[in-house]
Amino acid sequence: RGVMMKLLLVDNHPLYLEGLRSLALSHGITVVGTAKDGLEALAQTRKLLPDLILIEMQLPYCDGLTATQLIKAEFPGIKIIILSNYSDEEYIFEALKIGASGFLPKNLDLEEFNRIIEDFSQDEPVLPPGFISRLFNNLTVKIGTTKKSFIDLAFKELTDRQMEILSLVAKGYTYKEIGAKLYLTERTVKYHMKQILSKLHLSSRKQAVGYLKQMQRCLKIEDMVGVCQ
């Protein structure tokens, strides 16, 4: 079943570009154009107004990260997934920080491409397989400290009220139900959730819940009052 979207492909390797085009076409996706560098990607975006851009990070004249930043400044609604041979956390965080909807290694197979399409339609960020688990494992090793201080570091920006709201969201309560439970308006709960996402550098309620649950799984948290069931 085809997915109705317009796709712009950006890569300076013709064979890889053709491979991506073939995958897209096999899913019924309209490839509206291609580009070979970051500046051409910006020009093509202005001309074609795609829904989604797959862009290589290492590009001549203007790299993929810079091109993404320029495109998102003009067209914040267009989604961009960065492709790269590198999957270091530093690059991934930078990509998400400037507004990319995802970051994937270039050795993309058919199954991974299917996941891109799925996550795109569900408005979910696309990340390398195992990235979240690897991130928390690496942080645990690098910090070399107690679980409690790790939790303090991960959530240090959140107020007690925001932690309380996040825990209730993770348990499946709606914003309206949380408001009634905490004697807050639904609008206030939504405001707090927006602040939570901003402070944790996340983009969706579902991602925030996943973040919290991943913390619980990786660190076997048993003493976080108001968070663990």
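This is a predicted model: local features need pLDDT of at least 70, side-chain atom pairs count only at pLDDT 80 or more; totals for chains, interfaces and linings use all residues.

Reader: What makes S84 count as buried or exposed?

Author: The relative accessibility of S84 is 0%, and the term buried applies under 20%, so S84 counts as buried. Leaving aside neighbours within four places in sequence, the residues in contact with S84 are E56, M57, F103, L104, P105 and K106.

Reader: How do you know which way helix 8 lies relative to helix 10?

Author: The axes of helix 8 (residues 160-170) and helix 10 (residues 186-199) come within 10 Å and cross at roughly 95°. Angles of 65 to 115 degrees count as roughly perpendicular, and so helix 8 is roughly perpendicular to helix 10. Where the two meet, R161, Q162, I165, L166 and V169 come from helix 8, while V189, H192, M193, Q195, I196 and K199 come from helix 10.

Reader: Which residues of helix 3 are buried, and why are they said to line one face of the helix?

Author: In helix 3 (residues 64-74), the buried residues are G64, L65, A67, T68, I71 and K72. Seen down the axis of helix 3, these buried residues fall within an arc of 160°, so they line one face of the helix. As background, an α-helix has 3.6 residues a turn, and therefore residues three or four places apart point the same way. At the start of helix 3, a side-chain oxygen of D63 also reaches to within 3.0 Å of the backbone nitrogen of L65.

Reader: What is the confidence in the protein, and where is it lowest and highest?

Author: The mean pLDDT of the protein is 77, with 69% of its residues reaching 70 or more. Confidence is lowest in helix 7 (residues 147-154), at a mean of 47, and highest in helix 2 (residues 38-48), at 96. Over residues 139-153 the pLDDT is below 50, and this stretch has 15 contacts in the model beyond near neighbours in sequence.

How values were computed
Residues are numbered from 1 along each chain as its sequence is written. Side-chain values use heavy atoms; hydrogens and water are left out. pLDDT is the predictor's confidence in each residue, from 0 to 100. Helices (H or I, at least four residues) and strands (E, at least two) are DSSP runs, numbered from the N terminus. Contact means heavy atoms within 4.5 Å. Buried means under 20% relative accessible area, exposed over 50%, partly exposed in between (1.4 Å probe, protein chains only). The arc is that of the directions from the helix axis to the C-beta atoms. A polar contact is a pair of N or O atoms within 3.5 Å; within protein, one must be able to donate a hydrogen and the other to accept it, and residues adjacent in sequence count only if both atoms are side-chain atoms. Axes are lines fitted to C-alpha atoms, for helices over the stretch in contact, and angles run from 0 to 180 degrees between N-to-C directions. Angles under 35 degrees count as roughly parallel, over 145 as roughly antiparallel, 65 to 115 as roughly perpendicular and the rest as oblique.
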